[in-house]
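Student: I would like to go through this chain piece by piece, with the cut-offs stated as we go.

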Amino acid sequence: MKCFLVDRVLLPADATCVCFKRKGNYQRICMNLTPLQEERTRRLKRRMKVYFDAARPDHQEALRALWYATYPGQELQGLISDQWKEMGWQGRDPSTDFRCWFHIFGELLFFAKTFSTSFQCLLKKQGGKPAAWEYPFAVAGVNITFMIMQMLDLEATKPRTLIRAVFLQMLLENEWSFDLLYCVAFMVMDKQWLERNATYMEFNDVLKSTRAQLERELLMDDVFRIEDMPSYSLLC
């Protein structure tokens, strides 16, 4: 077994476990996943490879559920409708914006149901001083999902980054860690957007700084769950 002391983001390719400092002591994380971690990682990967199928009743129902969680009491005229533009989709058919991946709007639905107050606040731009330029809400959610997937290096066979290794420990504690991280990321992105009074042309810069903040918080001494991240307190 090879164990490495690390203080960097990238891990040695042949590492079987790593140790990094937290609270003055070194915490050991094994690269070989437990059966539960493997199962939850497989489930997460499978979830992220499901294509949206407009012919499937369960996919249709999920899309309707997203609408009614976002706009309670407002009737949806159809799965293809100009109404979707109100949510920040670019066209009448939201599936063309989330690149056919079913889980993309699943993250929005989780956010809407789990933290409805925060979700509505972001949707209606009610938090803080309004920006001169507003980002399209739903499309921002799509980009946040892909940013987190890249940050966590989810396609790798085994952890290649310290961030991924730490996240898999969190996934062991809570199967919904990815979804919770998504909600935190959305709040952080919106906060940074408002603080910078950003324009749409600066969206990628804001997304990069959001990722950098998430990475810093995930590696903090007292952070062992998504709920321990300082920015989790932004949710309500």
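Student: Which residues does Gln192 touch, not counting residues up to four places away in sequence?

Tutor: This is a predicted model, in which local features need pLDDT of at least 70 and side-chain atom pairs count only at pLDDT 80 or more, while totals for chains, interfaces and linings use all residues. Residues are numbered from 1 along each chain as its sequence is written, and side-chain values use heavy atoms, with hydrogens and water left out. Contact means heavy atoms within 4.5 Å. Leaving out residues up to four places away in sequence, Gln192 touches Val206, Ser209, Thr210 and Gln213.

Student: Is Gln192 buried or exposed?

Tutor: Gln192 lies in helix α7 (residues 177–196); helices (H or I, at least four residues) and strands (E, at least two) are DSSP runs, numbered from the N terminus. Buried means under 20% relative accessible area, exposed over 50%, and partly exposed in between (1.4 Å probe, protein chains only). The relative accessible area of Gln192 is 10%, so Gln192 is buried.

Student: In what order do the elements of the chain run from the N terminus on?

Tutor: The secondary structure of the chain comes to eight helices and three strands. From the N terminus on, the order is β-β-β-α-α-α-α-α-α-α-α.

Student: Where in the chain is confidence lowest, and where is it highest?

Tutor: The scale is pLDDT, the predictor's confidence in each residue, from 0 to 100. The mean pLDDT of the chain is 85, and 81% of its residues reach 70 or more. Confidence is lowest in strand β1 (residues 3–5), at a mean of 43, and highest in helix α8 (residues 203–218), at 97. Over residues 1–10 the pLDDT is below 50, and beyond near neighbours in sequence the contacts of this stretch in the model number 31.

Student: At what angle do the axes of helix α3 and helix α4 cross?

Tutor: Axes are lines fitted to C-alpha atoms, for helices over the stretch in contact, and angles run from 0 to 180 degrees between N-to-C directions. The axes of α3 (residues 102–114) and α4 (residues 116–123) come within 5 Å and cross at roughly 115 degrees.

Student: Which residues of α3 and α4 meet, and how do they divide by type?

Tutor: From α3, Leu108, Phe111, Ala112 and Thr114 meet Ser116, Ser118, Phe119 and Leu122 of α4. For the division, Ala, Val, Leu, Ile, Met, Phe, Trp, Tyr, Cys and Pro count as nonpolar, Asp, Glu, Lys and Arg as charged, and the others, Gly among them, as polar. The residues of this contact of α3 with α4 come to five nonpolar, three polar and no charged.

Student: Which helices do the buried residues of α4 pack against?

Tutor: The buried residues in α4 are Ser118, Phe119, Gln120, Leu122 and Leu123. They pack against α2 (57–70), α3, α5 and α7.

Student: Which residues does Gln126 touch, not counting residues up to four places away in sequence?

Tutor: Just after α4, Lys125 takes a positive phi of about 55 degrees. Gln126 is in the loop between α4 and α5 and, with a relative accessible area of 53%, is exposed. With residues up to four places away in sequence not counted, Gln126 touches Gln120 and Cys121.

Student: How far apart are the end C-alpha atoms of helix α5?

Tutor: The expected span of a helix is 1.5 Å times one less than its number of residues. Helix α5 (residues 137–152) has 16 residues and therefore should span 22 Å; its end C-alpha atoms agree with this, being apart by 23 Å.

Student: How many of the residues of α5 are buried?

Tutor: After α5 comes Asp153, whose phi is positive, near 55 degrees. The helix α5 itself is mostly covered, and of its 16 residues the number buried is 14.

Student: How many residues apart are Arg47 and Asp179?

Tutor: A salt bridge is a side-chain nitrogen of Lys or Arg within 4 Å of a carboxyl oxygen of Asp or Glu, and a search of the whole structure finds 13. The side chains of Arg47 and Asp179 form one at 2.8 Å, N to O. This pair links distant parts of the chain, Arg47 in helix α1 (residues 35–47) and Asp179 in helix α7, 132 residues apart.
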